[in-house]
Amino acid sequence: MERRETEDRRQVHMFVAQERRDGPYERRGDATRRRERKQEREKIERIRAFKEKKKASLPVTPVMTKKRWVYLGLALLVIVVAVFLIK
């Protein structure tokens, strides 16, 4: 058996293995896709939390809505016009 001339055979091999592990993923943009998926999940969770918070904060509809205020204003206007026309 002959002795190996270089002692860093294992380091060279690890470098090649690491290059093979990193190479294809970096070329395909796997890290970018993982980051985008993570951001998308976080966005969905924020939306869900907002919707849940909104549901919890408004369980009852308000007594006087905008539409009712408009009707009330029109009714008062009709009454005021009627009072001025009667005089």
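Biologist: Where do Arg 48 and Glu 45 lie, and how many residues apart?
Modeller: Both are in helix α2 (residues 30–57), three residues apart, about one turn of the helix. Helices here are DSSP runs of H or I with at least four residues, strands are E runs of at least two, and both are numbered from the N terminus. This is a predicted model, where local features need pLDDT of at least 70, side-chain atom pairs count only at pLDDT 80 or more, and totals for chains, interfaces and linings use all residues. Residues are numbered from 1 along each chain as its sequence is written, and side-chain values use heavy atoms, with hydrogens and water left out.

Biologist: What does Arg 48 form with Glu 45?
Modeller: A salt bridge, with the closest N and O atoms 3.3 Å apart. The criterion is a side-chain nitrogen of Lys or Arg within 4 Å of a carboxyl oxygen of Asp or Glu. The count by this rule is one.

Biologist: How accessible is Glu 45?
Modeller: Glu 45 is partly exposed, at 46% relative accessible area. Buried is under 20%, exposed over 50%, partly exposed in between (1.4 Å probe, protein chains only).

Biologist: And how much of the chain is buried?
Modeller: 3% of the 87 residues.

Biologist: Changing topic, what is the fold pattern along the sequence?
Modeller: The pattern reads α-α-α, with three helices and zero strands.

Biologist: Which residues form the nonpolar patch on the surface?
Modeller: Val 63, Met 64, Trp 69, Leu 72, Leu 76, Ile 79 and Val 83. Val 83 sits in helix α3 (residues 66–86) and is partly exposed at 41% relative accessibility.

Key
Patches are made of residues with over 30% relative accessible area and no salt bridge: like charges are joined within 9 Å, nonpolar side chains (Val, Leu, Ile, Met, Phe, Trp, Tyr) within 5 Å. Accessible areas come from the Shrake-Rupley method with a 1.4 Å probe; for residues, only the protein chains shown count as cover.
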